[in-house]
Amino acid sequence: MIDKELLDIIVCPETRQDLVLAEAGLIERINLLIEKGELRNRSKQAVTEKIDGGLIRKEDRKYLYPIRDDIPILLIDESISLEEINYP
């Protein structure tokens with residue numbers, strides 16, 4: 001997945017918070033919502049492509065940045081609100 005050295009240096013582009021890898025169960029849940037056509041990103045666009053993983057803002061845990069093909073998508077508009085999918 002993501003190299004630990006890269007994970008140690010990348011941060012949220014909006015808040016500069018550290019990012020942590022999302023748990024496998026959360027990724028499965030997100031991919032199920034994508035499959036059902038029920039997930040929108042922060043810019044309110046439907047997310048249609050499944051993700052391989054995700055990076056969550058460490059302190060507030062409000063947003064997940066998707067990982068596709070081992071590449072983190074660190075664009076604010078592409079982030080997924082964890083509050084909208086009722087993730088604790």
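These legends describe close-up views of a predicted model.

**View 1. Strand S2 and its two partners.**
Strand S2 covers residues 53-57 and is mostly covered, with 5 of its 5 residues buried. Gly 53, Leu 55 and Arg 57 point one way from the strand. Gly 54 and Ile 56 point the other way. Both sets are buried. Strand S1, residues 19-21, runs antiparallel to S2 and is joined to it by 3 bridges. Here Leu 21 stands opposite Leu 55 of S2. Strand S3, residues 63-68, also runs antiparallel to S2, with 4 bridges between the two. Ile 56 has Leu 64 in S3 as its bridge partner.

**View 2. The hairpin turn between S2 and S3.**
S2 and S3 form a hairpin. Between the two strands lie 5 residues. Look for Arg 61 in the turn: its phi is positive, about 50 degrees.

**View 3. Helix H2 and its buried side.**
Helix H2 runs over residues 24-36, 13 residues in total. From first C-alpha to last it reaches 19 Å, close to the 18 Å expected at 1.5 Å a residue. Its buried residues are Leu 26, Ile 27, Ile 30, Asn 31, Leu 33 and Ile 34. These cover an arc of only 160 degrees around the axis, so they sit on the same side of H2. The spacing follows a general rule: an α-helix has 3.6 residues a turn, so residues three or four places apart point the same way. What do the buried residues of H2 pack against? They pack against S2, S3 and strand S5, residues 80-81.

**View 4. The other side of H2, and its end.**
Ala 24, Glu 28, Glu 35 and Lys 36 are exposed on the other side of H2. Gly 37 follows the helix. The phi of Gly 37 is positive, near 75 degrees.

How many salt bridges does the structure hold? There are 8. One of them pairs Lys 50 with Glu 35, with the closest N and O atoms 3.0 Å apart. Lys 50 lies in the loop between H2 and S2, and Glu 35 lies in helix H2, so the pair ties together parts that are 15 residues apart in sequence. Lys 50 counts as partly exposed, at 43% relative accessibility. Glu 35 counts as exposed, at 56%.

Glu 84 and Lys 44 meet through their side chains in a salt bridge, 3.5 Å from N to O. Glu 84 is in the segment after S5 and Lys 44 is in the loop between H2 and S2, so this pair ties together parts that are 40 residues apart in sequence. Are these two residues buried or exposed? Glu 84 is exposed, with a relative accessible area of 54%. Lys 44 is exposed too, with 51%.

Glu 49 forms a salt bridge with Arg 68, with the closest N and O atoms 4.0 Å apart. Glu 49 belongs to the loop between H2 and S2 and Arg 68 to strand S3, so the pair ties together parts that are 19 residues apart in sequence. Glu 49 counts as partly exposed, at 45% relative accessibility. Arg 68 is buried, with a relative accessible area of 14%.

**View 5. Asn 41 in its loop.**
Asn 41 sits in the loop between H2 and S2. At 6% relative accessibility, Asn 41 counts as buried. Its side chain joins that of Ser 43 in a polar contact of 2.8 Å. Leaving aside neighbours within four places in sequence, Asn 41 is in contact with Val 47, Asp 77, Glu 78 and Ser 79.

**View 6. Asp 77, across from Asn 41.**
Asp 77 is found in the loop between strand S4, residues 71-72, and S5. Asp 77 counts as partly exposed, at 47% relative accessibility. Which residues does Asp 77 touch, not counting those up to four places away in sequence? They are Asn 41, Arg 42 and Ser 43. Asp 77 and Glu 5 are 72 residues apart in sequence. In space, the two are 25 Å apart, C-alpha to C-alpha.

Terms used
Residues numbered from 1 in each chain as written. Predicted model: local features only at pLDDT ≥ 70, side-chain atom pairs only at ≥ 80, totals over all residues. Heavy atoms only, no water. Buried < 20%, exposed > 50% of the residue type's maximum accessible area, 1.4 Å probe, protein only. Pairing = 2+ DSSP bridges. Expected span 1.5 Å × (residues − 1). Arc of directions from axis to C-beta. Contact = heavy atoms within 4.5 Å. Polar contact = N/O pair within 3.5 Å; in protein donor to acceptor, adjacent residues only side chain to side chain.
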